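This briefing is an introduction to one protein chain for a reader new to protein structure. Please keep the sequence and the 3D view at hand while reading.

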Amino acid sequence: MMHLARRSVLAVPMLALPGIAKAAPLPVPPFRDWIGRTARLRGDGGAARLLLTQDGTGQMAVRLLLFCRTLPVRDWQLGPDGASLRYRRVSALDSSRLIAGEARILPGAQRLLWVEAAPHEAEFEGFDAPDAAGRCA
């Protein structure tokens, strides 16, 4: 029995290693609470950061292959329920093209549904300062 307890104590530091232990997802706050803060998101397509500004524009940083692209959000509108958001952003591949997107906080799932060309789910990982919207890491 002592041997098992000692193994458990030795394994505890491994829980702090990235990828081994995963924290429970954070509850997703309503989109009105995102204004002026950079939201960190992680989904099946990779990581992104999103800043919604008071003037109805914003910035999104996305990882495209090995490169980080910072894309302007031209405009956004909150849904009446505070759980949905419509936006238009510049394309990561062609800066002359605008991408229309929609995001919805999934009820009870602690996840977001993002729909641009296809639907994707993402986890909310918290907020950073507004200037963090210009970088992927």
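The model is predicted. Mean pLDDT over the chain is 83.

**Overall layout**

- Read from the N terminus, the elements follow the order α-β-β-β-β-β-β-β-β.
- Of the 137 residues in the chain, 33% are buried.
- Among contacts between residues at least 6 apart in sequence, 42% join residues at least 24 apart.

**Confidence**

- A pLDDT of 70 or more is reached by 81% of the residues.
- Helix H1 (residues 2-11) has the lowest mean pLDDT among the elements, at 44, whereas strand S5 (residues 84-90) has the highest, at 96.
- Over residues 4-21 pLDDT stays under 50, and the model has two contacts beyond four places in sequence for this stretch.
- Where pLDDT is low, the predicted coordinates should not be read in detail.

**How the strands pair**

- Strand S1 (residues 38-43) and strand S2 (residues 46-52) run antiparallel and are joined by six bridges.
- In this pair, threonine 38 stands opposite leucine 51 of S2.
- S1 also pairs with S8, again in the antiparallel sense, over five bridges.
- Here alanine 39 stands opposite phenylalanine 127 of S8.
- S7 and S8 run antiparallel, with four bridges between them.
- Leucine 112 is placed opposite alanine 122 of S8.
- The link from S7 to S8 is a hairpin of three residues.

**The nonpolar core**

- The largest nonpolar core holds 23 residues, and Trp34, Leu50, Leu85, Leu112 and Trp114 touch the most other members.
- Two or more residues of this core come from each of S1, S2, strand S3 (58-64), strand S4 (67-78), S5, strand S6 (98-106), strand S7 (111-115) and S8.
- In soluble globular proteins, nonpolar side chains tend to be buried together.
- Which residues does tryptophan 114 contact, leaving aside its neighbours within four places in sequence? They are Leu41, Leu50, Tyr87, Glu102, Ala103, Pro119, His120 and Ala122.

- Glutamate 123 lies in strand S8 (residues 119-128).
- Is glutamate 123 buried or exposed? Glutamate 123 counts as buried because its relative accessible area is 15%, and the cut-off for buried is under 20%.
- The side chain of glutamate 123 makes a polar contact of 3.3 Å with the side chain of arginine 111.
- Isoleucine 99 lies in strand S6.
- The relative accessibility of isoleucine 99 is 12%, so this residue is buried as well.
- Not counting residues up to four places away in sequence, isoleucine 99 touches Tyr87, Arg88, Arg89, Ser91 and Glu116.
- Isoleucine 99 and tyrosine 87 are twelve residues apart along the chain, and 8.3 Å separates their C-alpha atoms.

Methods:
Residues are numbered from 1 along each chain as its sequence is written. This is a predicted model: local features need pLDDT of at least 70, side-chain atom pairs count only at pLDDT 80 or more; totals for chains, interfaces and linings use all residues. Side-chain values use heavy atoms; hydrogens and water are left out. Two strands pair if DSSP finds at least two bridges between them. Buried means under 20% relative accessible area, exposed over 50%, partly exposed in between (1.4 Å probe, protein chains only). A polar contact is a pair of N or O atoms within 3.5 Å; within protein, one must be able to donate a hydrogen and the other to accept it, and residues adjacent in sequence count only if both atoms are side-chain atoms. pLDDT is the predictor's confidence in each residue, from 0 to 100. Contact means heavy atoms within 4.5 Å. A nonpolar core is a set of buried Ala, Val, Leu, Ile, Met, Phe, Trp, Tyr and Cys residues joined through side-chain atoms within 4.5 Å.
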